[in-house]
Amino acid sequence: MLVINQLNKSYGSHKALTEIDLQVPAGVIFGLLGPNGAGKTTLIRIINQIIQQDSGTVELAGKPLSLETIRTIGYLPEERGLYKKMTVWDQLIYFSRIKGLTAKEAKQRVTSWLEKMDIANWRNKKIEDLSKGMAQKVQFIATVIHEPSLLILDEPFSGFDPVNAELIKNEILALKEMGTTILLSTHRMESVELLCDHVAMLNQSRKILDGTIRDIKARFRPELVQVTLAGLTQALPSSWQVLAQEEGRVELQLSLQGKGVNALLTELMAYGEVLRFQELLPSMEELFIQQVKANSHE
Amino acid sequence: MSKVLLVIQREYLARVKKKSFLIATLLTPLIFPAIMGVFVWIATEEKENQALRIIEVVDESGLFFMESSEQYAFSSSTDNLEAAKALVKSGERYGLLYLPNLDLTAPKGIQYYGLENPSTSLVSYLESSLKRKIEDQRLFAKGIDPAVLKEIRTEVVLQSLTLGESGEETINDATVNYALGFLSGILIYLFIFIYGNQIMQGVIEEKSTRIVEILVSSLKPFQLMMGKIVGIGAVGLTQFLIWVLLIGTFSTVVMGVLGMQMPQQQAMELANPELMATAPDPGELGAILQVLSGIDFVTLVIAFICYFLGGYLLYGALFAAVGAAVDAPSDAQQFMFPITIPLLIAYMGLFVFVLQDPTSSVSFWLSIFPLTSPIAMMGRISFGVPFWELALSLSLLVGGFLGTTWLAAKIYRIGILMHGTKPSYALIWKWIRSSQ
C-alpha cells in the first residue's frame, strides 16, 4: 500500500530522517513508534506532502505522491485544531469539500457520521461551545469523511475519556475491516499491542525495528522463563531468582543462558514437580524502552 | 481553483455571518453623524439653558458702549474698580471688563477679571467688539461719519470654480474637498489596519491549531493564503458598499424630509435655467449641495475601491506573512514595524502635506509610491488629479502588491509549518532566499 524507499530529510544541519525504508501492507494497522524527536512527525508530514523529502521516494498504491493521491489519505495531526467560531456542520462540510467531495456527497456523509458518533444534536453548535472530547470526535470525522484508503493517526486517543476512546478504537477497527490501511503513531504501547498488526520503530532519525508484533517480540525475547515448582526435593541453587514462595510452591524467573529450553526443563525436574513453565515475552513497552536506550548509546 | 473558491467562501461567510459584522456595518455610518449631532445638540442646549451672563464694565475713558448679545449683558453700575471686583466676587456679576483711560492709537491695559478662566469665545468676542469700537472711534476722529462707515462695510464670499478641459465649470470648495480627502484617506488607513489584522489573526489561528496541516495537504499554501486575503477583502468591500448604499438612502430620506434636493437634481436644474427660475433660493445648505454636486462622486467611489483593494492586497500579504512567521499574536509585534511605519508615514503625510497642498511635490511622491499611495492619493482625489498621475500611481500599486504577495508567499509557505522556533529577521530572510 505504502512503500517508502531510502528517505532522507534534514533541517539545516539536523538530520530528521536517515535512509528510511518502510513497507506498509494494505489493510493492516501499522504502528509507528519512537520517542519524541525521532522523526515520526517529519515522516508523516512527508507522506502528507506537507513538506518535501531531500531524497528517496514515497509510493502510495504503486503511484508516486501527487495532489491526486492526497485525496486518498486522511490525516489526524497530533495537536488538534478546528475553527473555533464555526459550527460543527459548516466545519465538516468545509473539510469534506476541500478534500474533494461534492456538496451533495458531503451533506450525506456528514449527516451519517454525526449520527454514528452520537453528536447529531450538536451540529449547529460552534466548536468553542463543545467539550474537548466532543471536538475530538468532530476532528476524527473530519479525518475520515472522504473515506481515505490510508488513514494516518497521530496519537488518536489523547484527550478522550475511556468511553470515547473505546468508541474511536472500534471505529478504527471497523475502518480496518472495510479495508482501510491505518498508520498509527503513538507513545501508548498498550494501544499498540491492542490494535497494531505491524510496527516500525524510529529513533534519532533511523529505523531501528520493523516487523509484525509477534516477530519482534520473538526476536527480542530476553530468554527468560517463569517457572512454578512444587514439592521441592532439594535446596535450590542460590543464583536462582525466587519471585514468591508459599505452601511448598516456588515461583522462579530463570534465564536460559544459552541452554536449550528442554535442558533447563530437565534440570528443573530434578528439584521437584514442574507445575508451570512459561517463556516470558517482553511487553512492547519494555521493548520500546530497551531499544531506544540501546540505540541511543552510539 | 475551485478549492480557492471554497477557502474564499469560508473566510467570507465566517465573517459576514457574525453578529459583530452586522452591528459594525450598520452602526458605523450612524456613529459619525450621531457624534456630531450630539455635539451640536449639547451646544444648542447649553446656549439655550445658559443664564445670561452679566459683565460689569468699568470704563474710565467713557468712550465705550458695549452692546449686549444673546449670551452676555453689560452693565456699568459703578465706576470704582474695587467695588466692581467685589460684585464679581459676590457672584452678582459673571466678570469684569476694565477699560483704563486709553490712548486710542495704542490701546493698552484693558483687563478682564473673573472667578473662572474666560472661554476663548468670550475673549474673542470682547476683543473683536473692542477692536471695532476703537477703530470706529479713530475713523470718527479722522472725520468719517459713522453712517457712511456703516454703508461702506461689505461682506465678501468667494466662490471658487474649476475649469474643465471641455469647458465645463464646476463649483468647488476647499473645505469640502479637505473634508472628503480627510475622510476617505482615514477610511483607507482604518480599512487596511482592521482587515489586515483580521488576515493576521486568521493565519495565526490556522497555524496554532494545526488546521493548516490538514489544509495544505489538499491545496497549496499559496492558494490558502490568497483565499484568505481575497475572502477577507470581499468582506471589507461588502461593508463599504453597504455604507455607500446606507448613506445614499439615508441622505435622500433626510433631504426629502427637509424639503431639499439631491445634488443630481440640482445639477439638472443648473443645466435647465427655466426650472431654476421657479425653484426657491437654495440658501446656505443649498450652497453646500451645489458644491457637492460639483464633486465627481463616481470617480471618488471608484478610486476609493481601487485604492482600497490595491492597498489592502499590498499590506494584506505582509500581514499574512507576519501571521505565518509567529506562533502567537503577542510575538507579532516585532514584525509589525515594517508594516506600521509606511502606513504611519502615509497617514501623517496626509495631514501635513497632502491636504494642505495637494499639488506639492511631496504630495505627488507620497501619492505615487505604492506603500503610501492608497492613503495619500485618496486625500488628493477630491481636489482633482491628472489622469496620468492616477494611472502611474495605480500601476505602481499593482506592481507593489504583486511584489509583496510574492515575498509573503515565500515566508508564508515555510513559516506556516514552523513551530517553537522564535523567528528573527535573519531567519525570515533565509526563508525568502530558500528556493524549495
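The model is predicted. Chain A and chain B bury about 2300 Å² between them. Chain B also carries a nonpolar patch with about 1000 Å² of accessible area.

**Interface of chains A and B**
- The contact involves 24 residues of chain A and 21 residues of chain B.
- Carbon and sulfur atoms give 60% of the buried area.
- A:Tyr83, A:Tyr94 and A:Ile98 together supply 27% of the area that chain A buries against chain B, more than any other three residues.
- The interface holds 2 salt bridges. B:Glu213 and A:Arg45 meet in a salt bridge, at 2.6 Å from N to O.
- On the chain A side, helix 2 (67-70) and helix 3 each give two or more residues. Helix 3 of chain A has the largest share, with 5 residues.

**Nonpolar patch on chain B**
- Its members include B:Leu22, B:Ile23, B:Leu26, B:Phe39 and B:Phe250.
- Helix 2 (19-49) and helix 8 (221-257) of chain B each give two or more residues to the patch.
- Helix 2 of chain B gives the most, with 8 residues.
- B:Leu26 lies in helix 2 of chain B. B:Leu26 is partly exposed, at 40% relative accessible area.

**Around A:Glu78**
- A:Glu78 sits in the loop between strand 6 (73-76) and helix 3 (88-98) of chain A.
- A:Glu78 is partly exposed, with a relative accessible area of 39%.
- A:Glu78 touches A:Asp154 and A:Glu155, leaving aside residues up to four places away in sequence.
- A:Leu153 is 75 residues from A:Glu78 along the chain, yet their C-alpha atoms are separated by 7.7 Å.

Conventions: Residues are numbered from 1 along each chain as its sequence is written. Chains are lettered from A and ligands numbered from 1 in the order in which they are written. This is a predicted model: local features need pLDDT of at least 70, side-chain atom pairs count only at pLDDT 80 or more; totals for chains, interfaces and linings use all residues. Side-chain values use heavy atoms; hydrogens and water are left out. Patches are made of residues with over 30% relative accessible area and no salt bridge: like charges are joined within 9 Å, nonpolar side chains (Val, Leu, Ile, Met, Phe, Trp, Tyr) within 5 Å. Accessible areas come from the Shrake-Rupley method with a 1.4 Å probe; for residues, only the protein chains shown count as cover. A salt bridge is a side-chain nitrogen of Lys or Arg within 4 Å of a carboxyl oxygen of Asp or Glu. Helices (H or I, at least four residues) and strands (E, at least two) are DSSP runs, numbered from the N terminus. Buried means under 20% relative accessible area, exposed over 50%, partly exposed in between (1.4 Å probe, protein chains only). Contact means heavy atoms within 4.5 Å. Buried area is the accessible area (1.4 Å probe) that two parts lose on being put together, summed over both.
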